[in-house]
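User: I would like to go through the side-chain and strand contacts of this model. Could you take my questions in turn?

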Amino acid sequence: MDQTLLLSKLTARLTTLQNDRSEAQASITAATAQLQSLFKTVPKRPTHSPSLLLSKITALDTRQNTTSLTLNAEKKLLKEKQSFKDSLRLHEKCDQHQLTIDALKSQITDLRLSLPSKESAITELRKSVQKIRLAESLACPFSSLITTTVPCSTPNLSKVIGKGGSNIKKIENTCTVRCDVKGEEEVIEIVGSEESCDKARSLIEAITLSETLTIPISHAVSGFLLDKTRSELLKEIREWGVEVRIEKGGLEVRGIPSDLESFKEKFSSLDLVVSYMTLTNPSMGILIGKSGATIKRLSKSSGVQINVSRSKENDNVEVIGKSMDVERCISEIEVLIIEMEVITESEDLPLPIRNLLLLNSGEAIKRIQKTSGCYLKVSGSPKPEASNSKIDYKGLRSEVDSAKSLVSEEIKRYASSEVIVHVSFDALPAVVGKGGQIVKQLRQAYGVAVDIDFELGEVKVQSFDGDKRNEAVKAIEEIKRVNHVQLVEVG
């Protein structure tokens with residue numbers, strides 16, 4: 001018969017027997033309750049027996065029929081006779097009550113006698129159903145299922161079971177068997193096909209020969225593995241088919257030799273390392289972040305553990321994890337510090353460019369500062385005879401780079417708006433004016449940048465407003481014309 005069909009029929013029969021048993025138990029409970037109620041309501045039996053009562057009634061009948069009685073005497077006789085008849089009826093009621101009790105007792109007895117056979121049949125059917133289901137779960141025919149035992153001493157039983165039943169579960173899954181450890185009998189019962197049972201027996205015998213291996217690891221790596229946030233990694237390690245106990249400074253592993261070798265290879269492939277960094281106090285502040293937010297984010301995203309220790313001068317950082325993760329985390333830390341560290345840089349600034357940047361109350365400087373987020377400071381004298389000035393940048397590296405780029409763009413922009421007026425060396429002082437007074441007036445009047453190159457005899461006029469720039473150039477040309485010096489030959 002097909003195994004599935006057999007299981008279906010046995011299950012149906014088991015259900016029927018269980019229902020019969022439940023009904024019998026319910027009937028026993030109901031009958032018992034009824035019996036207890038009857039015991040509480042047993043009627044009181046009269047003192048005289050039924051035969052005596054019958055003889056008394058007969059005697060009264062004879063007296064009534066053979067004797068002339070007064071009316072009162074006859075009433076008394078009839079009353080007495082009725083009393084005897086009531087007592088007879090009470091006897092009948094008591095007998096009926098007892099018959100009901102006896103019938104219930106008999107019913108309860110019969111039901112109780114039927115229960116053991118039902119229980120026995122249910123137990124046998126249950127075993128058969130369980131055996132067929134076990135055969136299905138083990139993917140073997142019901143007829144091929146066998147049960148065998150392996151002797152195992154009490155000390156070795158714990159080895160076979162493993163921590164949390166890990167070893168016995170591995171045997172069951174690997175060999176497709178069901179194992180039942182019987183400690184009192186010091187045996188392990190194995191159920192499965194003959195081939196599977198033999199394989200499981202071999203594994204059990206191998207486990208009894210298990211050994212203990214200690215793998216040295218640093219305290220930092222121990223702490224990394226025991227960290228609650230690494231629970232998934234630790235879970236993975238403990239599923240490698242051996243018992244694992246982590247101690248500070250060592251990893252204690254117990255299992256059969258072949259599993260120990262496999263574990264060593266897998267653990268070695270994790271490539272857990274510890275790397276160190278030394279940072280300045282400001283850099284450490286960048287790494288930790290507000291309320292530790294940055295260091296927590298880096299630790300989580302990289303899958304590493306980051307420990308820090310601080311001192312007055314330098315701070316130390318310890319990064320623990322898989323080699324690739326540690327390298328990536330250190331790179332991220334270095335990039336973060338570079339990006340977030342406040343730096344100061346300076347550049348030389350030609351005088352014309354300085355004046356252009358500070359033109360209109362430093363409009364360009366303010367715009368650059370707002371766009372880049374970098375602080376700018378321009379130093380140096382605006383006088384034509386002054387040497388080159390400087391521009392200082394202060395901010396994050398990205399802000400400084402942005403500000404430099406914007407300053408460069410401003411320089412290109414100003415350069416494209418420059419007009420050069422050639423002035424003779426004799427007329428240059430007139431354009432400059434006493435103490436640079438004329439140049440200042442030109443700047444203020446037209447809102448342009450005016451710079452003098454005394455070596456080349458050039459006056460550079462710069463402005464984005466073409467009209468104002470042209471007006472300033474006309475004013476300079478006029479100064480040239482008025483102050484033009486021409487040599488006249490006299491002879």
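User: Which residues do ring pairs link into a cluster?
Analyst: The model is predicted. In this model, Trp-240, Phe-263 and Phe-267 are joined into a cluster by ring pairs.

User: How many aromatic pairs does the structure hold?
Analyst: There are two aromatic pairs. In one of them, the ring centres of Trp-240 and Phe-263 lie 5.4 Å apart with the planes at 65°, so this pair is edge-to-face.

User: Which parts does that pair tie together?
Analyst: Trp-240 sits in the loop between helix H8 (231-237) and strand S5 (243-247), while Phe-263 belongs to helix H9 (residues 257-270), so the contact ties together parts 23 residues apart in sequence.

User: Are those two buried or exposed?
Analyst: Trp-240 has 13% relative accessibility and therefore counts as buried. Phe-263, at 0%, also counts as buried.

User: What about Phe-263 and Phe-267?
Analyst: Their rings are stacked, at 6.0 Å centre to centre and 10° between the planes. Because they are four residues apart in helix H9, about one helical turn separates them. Phe-267 is buried, as is Phe-263.

User: Turning to the sheet, what is the strand order?
Analyst: The order is S4-S6-S5, in an open sheet of three strands with antiparallel pairing. Strand S4 (211-216) and S5 are at the edges with a single partner strand each, so one side of each has no neighbour in the sheet. From one strand to the next, the twist averages 20°.

User: How many bridges join S4 to S6?
Analyst: Six bridges connect S4 with strand S6 (residues 250-255), and the two run antiparallel. Leu-213, for example, has Val-253 in S6 as its bridge partner.

Notes
Residues are numbered from 1 along each chain as its sequence is written. This is a predicted model: local features need pLDDT of at least 70, side-chain atom pairs count only at pLDDT 80 or more; totals for chains, interfaces and linings use all residues. Side-chain values use heavy atoms; hydrogens and water are left out. Rings of Phe, Tyr and Trp (its six-membered ring) pair if their centres lie within 6.5 Å; planes under 30 degrees apart count as stacked, over 60 as edge-to-face and the rest as tilted. Buried means under 20% relative accessible area, exposed over 50%, partly exposed in between (1.4 Å probe, protein chains only). Two strands pair if DSSP finds at least two bridges between them. Axes are lines fitted to C-alpha atoms, for helices over the stretch in contact, and angles run from 0 to 180 degrees between N-to-C directions.
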